Amino acid sequence: MIRGGGSPGADPAAPSPPPDLRTAYRLRWRRRRLLARAIAKRRQIVPVVDRTRTIAPDAILCFLCVRNEAQRLPWFLRHTRALGVAHFLAVDNDSTDGTAELLAGADDVSLWRTGASYRLSRFGLDWLTWLMIRHGHGHWCLTLDADELLVYPNWPTRPLQALTEWLDASGREMMGALMLDLYPRGPVGDAPYAAGDDPTDILHWFDAGNHMIRRQAPMGNLWVQGGPRARAFFAAEPRRAPTLQKVPLVKWNRRYVYVNSTHAALPRRLNAIYDETGGEEVTGLLLHTKFLDQIVEKSQEELMRGQHFANSALYTEYYRRIIENPTLWTPRSTRLRGWRHLEALGLMSRGGWI
Amino acid sequence: MRVGFLMLCHDGLDRAAQVAGYWADRGCPVVIHVDRRVSREAYDTLVAALEGRHNIRFSERFRCEWGRWSLVAATLAAARVMIDEFPTASHVFLASGSCLPLRHISQLRAYLAERPGVNFIESVTTEDVPWTKGGLDHERFALRFPFSWKRQRKLFDLSVRLQRRLGYRRRIPKGLVPHMGSQWWCLTRGTLQAILDHPRRAEFDRFFKGVWIPDESYFQSLVRLCTDRVESRSLTLAKFDYQGKPHIFYDDHLQLLRRSDCFVARKIWPRADRLYATFLSDRTATESRAEPNPGKIDRIFSKAIERRTRGRAGLYMTGRFPRVQTDAGRTCARYVVFEGFGDLFEDFPAWAARTTGLRAHGHLFGPERAEFADGQSVFSGALSDSATLRDYNAVAFLTNLIWNTRGERQSFLYGPRDTVAAGDFFPYDLNADVFAITGAWAIPLYLSGRPVIEIRKQAAELQRIEGKHLDHLRSRWAKARVHVWTLADFIESPVEPLQTMIDEIGNKAGLRLTEAPRMRDLTGFGQFLQDLRNEGMQPWLVGDLRTGDSAPDRPARPKPYAVR
């Protein structure tokens with residue numbers, strides 16, 4: 001939270017203290033524990049197609065864990081590939097809609113399969129962490145969900161390599177991004193979407209200025225909430241509204257871990273995606289295509305499966321609301337126009353990368 | 001008139017080959033230095049790619065490290081080859097493997113021909129250089145640098161500090177005045193030869209071997225000893241960011257580069273296909289005589305540095321979350337807070353909107369909901385009017401609102417019933433104009449008609465909250481422009497404060513108070529206050545209001561407090 005004046009006499013300019021040694025040590029063990037966990041679960045995933053030998057040393061990799069995403073994947077792959085991702089490493093969690101075949105058929109995808117519990121594997125992170133230990137070391141790695149489309153300043157003219165080279169030259173190991181929930185004009189389940197179409201043709205509305213940010217100890221990450229989901233589903237209990245900041249792009253080291261989805265990572269310095277002194281760091285956006293027509297049906301399934309998030313019971317109500325096919329659009333929604341517009345709105349920033 | 005090019009290459013050799021070939025094919029001799037760290041195969045590929053061109057040479061390879069003498073050594077070796085092997089080269093242009101010619105070579109020739117004997121090299125004394133990074137300017141020459149800045153930063157810094165502490169100073173060769181400037185220059189053959197064959201060169205070389213970043217000072221200093229025809233600017237467009245590293249040009253910079261009218265630009269991203277395709281074709285009209293003018297695009301770069309280092313004030317996002325709240329930085333635009341006005345006047349926001357042109361909200365932080373202007377339930381940026389959502393992070397709510405409505409000044413009502421966190425924030429915001437009538441919270445209590453005995457506790461609580469809020473407004477750290485009146489003072493003579501307010505807001509110039517807001521009917525209010533006192537609650541924030549006599553059931557008297 002922004003410091004609000006506080007008591008007179010408090011120095012409003014006090015810098016954030018570095019974590020004390022004990023905290024640092026605790027975080028270190030936490031990281032090691034997560035690594036060990038990933039290694040212990042490595043046999044839960046079975047290779048279906050392994051093309052990792054074709055990965056070039058400077059290739060940008062994309063890691064993802066999917067379940068029944070046959071509808072979104074064609075566009076997701078097309079978009080992410082066009083950005084300059086050379087290889088996708090995917091874990092398929094028991095899909096039944098042809099997701100596995102779709103992924104296995106693409107020659108820049110390596111695919112693993114698992115039938116183990118999504119929830120018990122930290123929502124797929126344990127599996128991905130193992131793959132990242134094996135294949136991500138030394139590479140710039142994107143960790144995404146199938147409903148996230150990465151954009152960043154100048155993305156139509158500058159591939160990811162331009163960005164990662166610039167980040168390298170600037171001595172930065174990561175780039176942060178805000179998840180921007182997109183939604184259609186009418187009820188979310190009403191606009192038909194066909195696999196392979198550009199989802200932003202249907203989902204071209206978003207909330208431009210209702211994000212709430214706090215800084216979180218002990219990992220020093222931001223905690224961003226807000227957007228249409230907070231507005232429509234969590235107004236009564238904003239604390240439970242989904243977390244929206246991510247660190248999707250990291251120059252990976254096999255000793256790194258993601259802690260909570262890709263919202264935060266360890267070591268702690270990877271969470272420093274923001275400038276604390278008033279300047280702006282380069283940041284992107286993850287255009288979140290969650291609210292395509294299948295969402296209504298999928299929420300029903302999620303509700304049955306009870307696999308999502310730390311506290312499934314907590315989200316029951318949320319899924320119930322989505323099943324009612326709500327309209328997220330308001331007269332104050334903003335129409336999606338392009339990255340310059342998104343940057344002018346302050347949702348992302350070019351930082352020093354002009 | 002023949003321009004020879006020296007090219008220092010260390011990566012992106014395919015692009016270097018393309019550019020070297022471009023120059024060579026247009027009659028310019030090229031000498032290429034390839035960093036020794038480049039693999040043998042890559043080097044051979046480059047040589048093979050340029051095979052068959054009679055005017056390309058490769059100079060002795062040095063292992064180049066940024067900021068070190070090796071870069072100068074490489075340049076000197078290449079220059080020697082150029083002088084010895086291409087006797088017709090009248091000018092020598094130093095470029096890098098990531099340079100790209102922006103204008104046709106004939107334009108550069110014509111430009112140089114019009115200015116015979118002029119050396120284009122940025123060369124400024126250390127006192128006048130504003131752009132050095134890391135605070136080292138004169139010390140680049142006066143200290144020793146045994147450690148690598150890139151690989152041994154800590155030792156580097158330590159040794160600099162130590163030498164400063166000890167007061168260590170190297171002796172600068174007699175007659176040599178240290179100058180610095182861009183690494184990229186264009187010298188006449190005569191000048192370059194004079195530098196290469198300078199009788200004291202061995203002494204100078206020995207000195208510069210110990211200088212930090214000599215590639216920005218060797219030729220820049222020696223040129224002053226060899227010629228007096230120095231035009232202190234570079235023909236190469238090279239921009240640096242706030243970290244001191246060169247800006248990279250991408251395809252989307254095409255128009256920008258064109259506008260600069262510079263002859264050569266660096267650094268180009270090796271995969272900027274469109275830039276290479278455009279500028280390495282012979283499409284440009286050969287008649288253009290425009291003066292190179294990097295200044296035309298300077299604004300864009302200085303704005304970029306500002307964006308990176310100072311950011312957009314009042315914006316909170318995933319890339320900007322300032323811990324240090326600078327004076328101007330809490331919100332992005334000015335806004336007005338009216339405290340107590342909503343209680344005293346009927347429909348005050350409508351009046352404020354009419355008279356001052358502000359976007360006037362009701363109690364934005366009201367306990368039931370955020371009362372956006374015109375009763376909207378969602379406001380700019382899809383801000384929700386939900387009180388829980390707003391109170392979850394009241395400061396973010398306010399900063400968002402101000403950010404979302406950039407260009408339109410906002411105002412809102414505030415009072416002790418509203419979210420306290422907001423009132424802890426805006427007193428410290430330079431963008432806030434606060435006009436407060438203290439004690440006005442008593443009016444709705446009075447108008448509620450509830451028995452005093454019931455209200456007493458609530459009144460005390462509101463007074464306590466407002467008292468604490470006033471401490472913030474009066475804090476010596478407060479940044480907002482604050483005006484406080486007690487309710488008693490205000491209703492004694494409301495016109496003057498209202499006029500002050502309008503003047504201060506100054507949204508429209510020269511506004512006169514033509515229409516006063518309608519005050520609520522305060523008949524019997526004095527008695528109400530007295531009743532509060534009688535119950536043991538002292539409404540001191542209301543001020544010294546004439547209570548009249550304490551006769552309980554006086555007939556309605558004319559409204560003494562109405563504004564006329």
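View 1. Where pLDDT is low, the predicted coordinates should not be read in detail. Chain B as a whole averages a pLDDT of 89, with 92% of its residues scoring at least 70.

**View 2. The two domains of chain B.** Domain 1 comprises residues 3-114 + 235-309 of chain B, and domain 2 comprises residues 335-542. The centres of the two domains, taken over C-alpha atoms, are separated by 64 Å.

**View 3. The parallel sheet of chain B.** Five strands of chain B, in the order β15-β18-β13-β19-β20, make up an open sheet with parallel pairing. On average, neighbouring strands are turned by 15° against each other, direction ignored. Helix α14 (residues 348-356) of chain B packs on the sheet and touches β13 (335-339), β15 and β18 (410-414) of chain B; the direction of the helix makes about 170° with that of β15(B). Helix α19 (residues 452-474) of chain B lies across β13, β18, β19 and β20, at about 140° to β19(B). Six bridges join β19 (residues 432-438) to β20(B) in the parallel sense, and Ala436(B) has Val484(B) in β20(B) as its bridge partner.

**View 4. Two separate nonpolar cores.** The largest nonpolar core has 153 residues, of which Leu160(A), Trp23(B) and Ile32(B) touch the most other members. Helix α1 (residues 13-25) of chain B supplies the largest share of this core, 8 residues. Beyond its neighbours within four places in sequence, Trp23(B) is in contact with residues including Phe5(B), Met7(B), Pro101(B) and Val264(B). A second, separate core has 68 residues, among them Leu364(B), Phe435(B), Leu473(B) and Leu541(B).

**View 5. The mixed sheet of chain A.** Nine strands of chain A form an open sheet of mixed pairing, ordered β1-β4-β3-β2-β5-β11-β7-β14-β6. At its edges, β1 (46-49) and β6 (148-151) of chain A each pair on one side only. Neighbouring strands are turned by 25° against each other on average, direction ignored. Strands β7 (residues 174-181) and β11 (residues 245-251) of chain A pair in the antiparallel sense over 4 bridges, and Met175(A) stands opposite Leu249(A) in β11(A). Helix α5 (residues 160-169) of chain A packs on the sheet, touching β5, β6, β7 and β11 of chain A, and its direction makes about 80° with that of β11(A).

Technical notes
Residues are numbered from 1 along each chain as its sequence is written. Chains are lettered from A and ligands numbered from 1 in the order in which they are written. This is a predicted model: local features need pLDDT of at least 70, side-chain atom pairs count only at pLDDT 80 or more; totals for chains, interfaces and linings use all residues. Side-chain values use heavy atoms; hydrogens and water are left out. Two strands pair if DSSP finds at least two bridges between them. Helices (H or I, at least four residues) and strands (E, at least two) are DSSP runs, numbered from the N terminus. Axes are lines fitted to C-alpha atoms, for helices over the stretch in contact, and angles run from 0 to 180 degrees between N-to-C directions. Contact means heavy atoms within 4.5 Å. A nonpolar core is a set of buried Ala, Val, Leu, Ile, Met, Phe, Trp, Tyr and Cys residues joined through side-chain atoms within 4.5 Å. Buried means under 20% relative accessible area, exposed over 50%, partly exposed in between (1.4 Å probe, protein chains only). Domain bounds come from an automatic or database domain assignment. pLDDT is the predictor's confidence in each residue, from 0 to 100.
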